[in-house]
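User: Hey, I'm new to this one. Can you walk me through it once it's up on screen?

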Amino acid sequence: MKILSSLPAAVAALLMFVGCDSVAPEDRYTIIDDSEFVPQRSVLVEEFTGQTCVNCPGAHELMASLESRMNSADHIGIISVGIHTPLFGFDAPRGFVTEESDYYSSMAESAPSARINRRYGVVNTDKWTGSILAEVVRKSPISFSDLNARINRNGFIDIAGRINCADDVDDCRLQLWLVEDDIVAPQLTSEKPIADYVHHSVFRKSINDRDGDPIEVKRNSAIRIDIENFVIPEFVSNNENLRIVAFVFNEKEGVLNAAQFPVQQPN
(Lines give C-alpha, C1' and ligand atoms only; values in the text may rest on other atoms or scores of the structure.)
Protein backbone atom coordinates (compact mmCIF):
# COMPACT_ATOMS: atom_id res chain seq x y z
CA MET A 1 0.00 0.00 0.00
CA LYS A 2 1.32 3.41 -0.97
CA ILE A 3 0.36 6.48 1.06
CA LEU A 4 -0.70 9.82 -0.34
CA SER A 5 -0.64 10.60 -4.03
CA SER A 6 1.77 13.40 -3.12
CA LEU A 7 4.07 11.08 -1.18
CA PRO A 8 7.21 11.74 -3.30
CA ALA A 9 7.00 15.44 -2.45
CA ALA A 10 6.32 14.63 1.20
CA VAL A 11 9.31 12.31 1.44
CA ALA A 12 11.51 14.79 -0.35
CA ALA A 13 10.52 17.45 2.16
CA LEU A 14 11.33 15.11 5.02
CA LEU A 15 14.69 14.26 3.52
CA MET A 16 15.50 17.97 3.40
CA PHE A 17 15.20 17.91 7.20
CA VAL A 18 17.41 14.84 7.41
CA GLY A 19 20.06 16.29 5.13
CA CYS A 20 20.67 19.41 7.16
CA ASP A 21 24.10 20.12 8.63
CA SER A 22 22.93 19.53 12.21
CA VAL A 23 22.54 15.79 11.56
CA ALA A 24 25.66 13.62 11.59
CA PRO A 25 26.36 11.65 8.38
CA GLU A 26 25.70 8.31 10.07
CA ASP A 27 22.21 9.51 11.04
CA ARG A 28 21.19 10.55 7.53
CA TYR A 29 18.92 8.41 5.36
CA THR A 30 18.52 8.28 1.60
CA ILE A 31 15.56 6.94 -0.32
CA ILE A 32 16.61 6.57 -3.95
CA ASP A 33 13.14 5.76 -5.32
CA ASP A 34 10.69 7.53 -3.06
CA SER A 35 7.75 6.25 -5.11
CA GLU A 36 8.46 2.90 -3.42
CA PHE A 37 8.44 4.36 0.09
CA VAL A 38 5.92 2.08 1.79
CA PRO A 39 5.03 2.69 5.46
CA GLN A 40 4.85 -0.47 7.53
CA ARG A 41 3.81 0.86 10.93
CA SER A 42 2.82 3.85 13.02
CA VAL A 43 5.71 5.39 14.94
CA LEU A 44 5.19 6.40 18.56
CA VAL A 45 6.89 9.68 19.51
CA GLU A 46 6.99 10.46 23.24
CA GLU A 47 7.68 14.18 23.11
CA PHE A 48 9.09 15.50 26.39
CA THR A 49 7.94 19.07 26.83
CA GLY A 50 6.69 21.67 29.29
CA GLN A 51 4.80 24.92 29.66
CA THR A 52 7.89 26.81 30.89
CA CYS A 53 10.17 25.41 28.16
CA VAL A 54 10.72 28.36 25.81
CA ASN A 55 12.09 26.17 22.99
CA CYS A 56 9.28 23.62 23.12
CA PRO A 57 6.78 25.51 20.92
CA GLY A 58 9.31 25.32 18.08
CA ALA A 59 9.55 21.56 18.61
CA HIS A 60 5.75 21.35 18.53
CA GLU A 61 5.78 23.09 15.15
CA LEU A 62 8.41 20.65 13.86
CA MET A 63 6.34 17.68 14.99
CA ALA A 64 3.17 19.13 13.46
CA SER A 65 5.04 19.56 10.17
CA LEU A 66 6.23 15.95 10.24
CA GLU A 67 2.73 14.72 11.06
CA SER A 68 1.21 16.71 8.19
CA ARG A 69 3.58 14.94 5.77
CA MET A 70 3.45 11.44 7.21
CA ASN A 71 -0.21 11.15 8.28
CA SER A 72 -3.12 10.64 5.93
CA ALA A 73 -6.53 9.00 5.81
CA ASP A 74 -4.82 5.84 4.53
CA HIS A 75 -2.03 5.58 7.07
CA ILE A 76 -0.97 7.24 10.33
CA GLY A 77 2.81 7.39 10.18
CA ILE A 78 3.38 9.35 13.39
CA ILE A 79 1.56 9.23 16.72
CA SER A 80 2.96 11.95 18.96
CA VAL A 81 2.17 12.27 22.67
CA GLY A 82 3.29 15.31 24.64
CA ILE A 83 4.59 14.21 28.05
CA HIS A 84 5.08 17.22 30.31
CA THR A 85 8.06 17.02 32.63
CA PRO A 86 8.26 18.44 36.17
CA LEU A 87 11.37 20.41 35.17
CA PHE A 88 9.35 22.54 32.78
CA GLY A 89 5.75 22.24 33.90
CA PHE A 90 3.03 22.74 36.46
CA ASP A 91 1.14 20.00 38.25
CA ALA A 92 -2.40 19.10 37.18
CA PRO A 93 -5.01 20.51 37.31
CA ARG A 94 -3.22 23.83 36.83
CA GLY A 95 -0.86 22.29 34.29
CA PHE A 96 -0.19 18.92 32.68
CA VAL A 97 2.36 17.25 34.95
CA THR A 98 1.11 14.11 36.73
CA GLU A 99 2.82 11.33 38.67
CA GLU A 100 2.70 9.19 35.52
CA SER A 101 4.11 11.88 33.21
CA ASP A 102 6.90 12.35 35.79
CA TYR A 103 7.55 8.61 35.64
CA TYR A 104 7.62 8.43 31.84
CA SER A 105 9.87 11.48 31.49
CA SER A 106 12.33 10.53 34.22
CA MET A 107 15.04 9.68 31.67
CA ALA A 108 14.72 13.02 29.87
CA GLU A 109 17.41 15.45 31.02
CA SER A 110 16.20 18.32 28.86
CA ALA A 111 13.30 19.51 26.73
CA PRO A 112 12.41 19.53 23.94
CA SER A 113 13.47 15.92 23.42
CA ALA A 114 11.76 12.66 22.55
CA ARG A 115 11.82 8.88 22.47
CA ILE A 116 11.14 7.48 18.99
CA ASN A 117 9.53 4.04 19.24
CA ARG A 118 11.66 3.53 22.39
CA ARG A 119 14.61 2.46 20.23
CA TYR A 120 17.05 5.38 20.18
CA GLY A 121 17.14 6.55 23.78
CA VAL A 122 16.13 10.17 24.35
CA VAL A 123 17.06 12.28 21.31
CA ASN A 124 17.04 15.99 20.52
CA THR A 125 15.03 17.53 17.68
CA ASP A 126 17.81 17.18 15.10
CA LYS A 127 17.41 13.38 15.27
CA TRP A 128 13.63 13.22 15.09
CA THR A 129 13.15 13.13 11.33
CA GLY A 130 15.79 10.52 10.59
CA SER A 131 14.68 8.27 13.42
CA ILE A 132 11.03 8.46 12.35
CA LEU A 133 11.85 7.69 8.72
CA ALA A 134 13.94 4.70 9.77
CA GLU A 135 11.11 3.35 11.92
CA VAL A 136 8.10 3.87 9.68
CA VAL A 137 9.47 1.55 6.97
CA ARG A 138 10.26 -1.35 9.33
CA LYS A 139 7.82 -4.22 8.98
CA SER A 140 5.75 -4.79 12.11
CA PRO A 141 4.78 -8.21 13.50
CA ILE A 142 1.45 -6.87 14.79
CA SER A 143 -1.45 -4.70 13.68
CA PHE A 144 -4.54 -3.24 15.33
CA SER A 145 -8.14 -3.57 14.15
CA ASP A 146 -11.74 -2.88 15.26
CA LEU A 147 -10.59 -0.19 17.70
CA ASN A 148 -13.35 1.67 19.47
CA ALA A 149 -13.69 3.85 22.56
CA ARG A 150 -16.91 5.38 23.81
CA ILE A 151 -18.16 7.23 26.87
CA ASN A 152 -20.98 5.10 28.28
CA ARG A 153 -24.20 6.30 29.92
CA ASN A 154 -22.46 6.43 33.30
CA GLY A 155 -19.77 8.81 32.02
CA PHE A 156 -16.97 6.23 31.94
CA ILE A 157 -14.95 5.04 28.93
CA ASP A 158 -15.36 1.58 27.37
CA ILE A 159 -12.57 0.43 25.03
CA ALA A 160 -12.49 -2.52 22.62
CA GLY A 161 -10.32 -3.78 19.77
CA ARG A 162 -8.00 -6.49 18.48
CA ILE A 163 -4.28 -6.99 18.17
CA ASN A 164 -3.47 -9.19 15.18
CA CYS A 165 -0.20 -11.11 15.52
CA ALA A 166 1.72 -12.17 12.40
CA ASP A 167 4.73 -13.61 14.20
CA ASP A 168 6.04 -14.74 17.59
CA VAL A 169 7.51 -11.99 19.78
CA ASP A 170 8.61 -12.55 23.36
CA ASP A 171 7.93 -10.52 26.49
CA CYS A 172 5.45 -8.04 25.00
CA ARG A 173 3.27 -5.57 26.85
CA LEU A 174 0.19 -3.60 25.79
CA GLN A 175 -0.02 0.06 26.82
CA LEU A 176 -3.14 2.24 26.58
CA TRP A 177 -2.98 6.00 27.17
CA LEU A 178 -5.60 8.72 27.42
CA VAL A 179 -4.57 11.79 25.38
CA GLU A 180 -6.30 15.17 25.11
CA ASP A 181 -6.05 17.65 22.24
CA ASP A 182 -6.71 21.38 21.89
CA ILE A 183 -6.26 22.48 25.50
CA VAL A 184 -6.01 26.26 25.90
CA ALA A 185 -3.44 27.02 28.61
CA PRO A 186 -0.38 29.24 29.20
CA GLN A 187 2.96 28.56 27.49
CA LEU A 188 6.28 30.37 27.60
CA THR A 189 8.00 30.99 24.27
CA SER A 190 11.34 32.48 23.28
CA GLU A 191 9.57 35.78 22.56
CA LYS A 192 6.83 36.17 25.18
CA PRO A 193 4.38 34.24 27.36
CA ILE A 194 1.20 33.17 25.57
CA ALA A 195 -1.83 32.90 27.85
CA ASP A 196 -4.08 31.17 25.30
CA TYR A 197 -1.62 28.76 23.69
CA VAL A 198 -3.31 25.68 22.20
CA HIS A 199 -1.68 22.47 23.44
CA HIS A 200 -2.09 19.34 21.32
CA SER A 201 -1.54 15.66 22.10
CA VAL A 202 -1.24 16.07 25.87
CA PHE A 203 -0.73 12.86 27.86
CA ARG A 204 -3.42 12.65 30.54
CA LYS A 205 -3.38 9.19 32.12
CA SER A 206 -2.43 5.57 31.59
CA ILE A 207 -5.57 3.49 31.19
CA ASN A 208 -3.86 0.28 32.28
CA ASP A 209 -0.71 -0.28 34.34
CA ARG A 210 1.87 2.45 33.77
CA ASP A 211 4.30 -0.23 32.50
CA GLY A 212 1.65 -1.89 30.35
CA ASP A 213 0.05 -5.30 30.74
CA PRO A 214 1.79 -8.50 29.55
CA ILE A 215 0.36 -10.13 26.42
CA GLU A 216 1.32 -13.21 24.39
CA VAL A 217 2.19 -12.30 20.81
CA LYS A 218 1.97 -15.59 18.91
CA ARG A 219 2.01 -16.23 15.17
CA ASN A 220 -1.39 -16.14 13.46
CA SER A 221 -3.27 -15.28 16.64
CA ALA A 222 -5.37 -12.36 17.86
CA ILE A 223 -5.57 -10.65 21.23
CA ARG A 224 -8.76 -8.97 22.36
CA ILE A 225 -8.74 -5.53 24.00
CA ASP A 226 -11.69 -5.13 26.37
CA ILE A 227 -11.76 -2.43 29.05
CA GLU A 228 -14.93 -1.18 30.73
CA ASN A 229 -15.73 1.81 32.92
CA PHE A 230 -12.42 3.66 32.85
CA VAL A 231 -12.83 6.77 35.00
CA ILE A 232 -12.02 10.04 33.22
CA PRO A 233 -9.66 12.17 35.37
CA GLU A 234 -11.21 15.29 36.85
CA PHE A 235 -8.51 17.50 35.33
CA VAL A 236 -9.50 16.64 31.74
CA SER A 237 -10.61 19.86 30.05
CA ASN A 238 -12.99 18.61 27.36
CA ASN A 239 -14.22 15.04 26.87
CA GLU A 240 -14.86 15.75 23.19
CA ASN A 241 -11.11 16.18 22.59
CA LEU A 242 -10.06 12.83 24.06
CA ARG A 243 -8.46 9.96 22.18
CA ILE A 244 -6.79 6.67 23.01
CA VAL A 245 -3.22 5.80 22.06
CA ALA A 246 -2.45 2.07 22.09
CA PHE A 247 0.93 0.45 21.55
CA VAL A 248 2.72 -2.86 22.03
CA PHE A 249 6.35 -2.91 23.11
CA ASN A 250 9.11 -4.96 24.69
CA GLU A 251 12.54 -4.19 26.09
CA LYS A 252 14.47 -5.63 23.14
CA GLU A 253 12.65 -4.19 20.14
CA GLY A 254 10.94 -1.10 21.54
CA VAL A 255 7.49 -0.28 20.16
CA LEU A 256 6.26 -2.94 17.73
CA ASN A 257 3.35 -0.83 16.50
CA ALA A 258 0.97 1.87 17.69
CA ALA A 259 -2.54 3.12 16.96
CA GLN A 260 -4.80 5.99 17.96
CA PHE A 261 -8.57 6.40 17.89
CA PRO A 262 -11.07 8.97 19.19
CA VAL A 263 -13.24 8.63 22.27
CA GLN A 264 -16.80 8.73 20.99
CA GLN A 265 -19.35 10.73 22.94
CA PRO A 266 -22.42 9.05 24.49
CA ASN A 267 -25.43 8.51 22.25
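**A first look**

Analyst: Let's start with D171, which is exposed, with a relative accessible area of 67% (exposed means over 50%, buried under 20%, partly exposed in between, using a 1.4 Å probe and protein chains only). This is a predicted model, where local features need pLDDT of at least 70, side-chain atom pairs count only at pLDDT 80 or more, and totals for chains, interfaces and linings use all residues. Residues are numbered from 1 along each chain as its sequence is written, and side-chain values use heavy atoms, with hydrogens and water left out.

User: Where does D171 lie?

Analyst: D171 sits in strand β7, residues 169-180. Strands (E, at least two residues) and helices (H or I, at least four) are DSSP runs, numbered from the N terminus. D171 has a positive phi of about 55 degrees although it is not a glycine.

User: And what about N220, is it buried or exposed?

Analyst: N220 is exposed, at a relative accessible area of 68%. N220 is not a glycine, yet has a positive phi of about 60 degrees. You'll find N220 in the loop between β11 (213-217) and β12 (221-230).

User: Switching topic: which residues does a cis peptide bond join?

Analyst: One joins A92 and P93, with omega about 10 degrees. P93 is in the loop between β2 (78-84) and α3 (99-104). Another joins A111 and P112, with omega about 0 degrees, and P112 is in the loop between α3 and β3 (113-116).

User: OK, what's in the largest nonpolar core?

Analyst: That core has 29 residues, and F144, I157, I163, L178, I244 and V248 touch the most other members. A nonpolar core is a set of buried Ala, Val, Leu, Ile, Met, Phe, Trp, Tyr and Cys residues joined through side-chain atoms within 4.5 Å. The largest share, five residues, comes from β7.

User: What does V248 touch?

Analyst: Among others, V248 touches I142, F144, I163 and L256, leaving out residues up to four places away in sequence. Contact means heavy atoms within 4.5 Å. There's also a second, separate core of 16 residues that includes V43, I78, W128 and I132.
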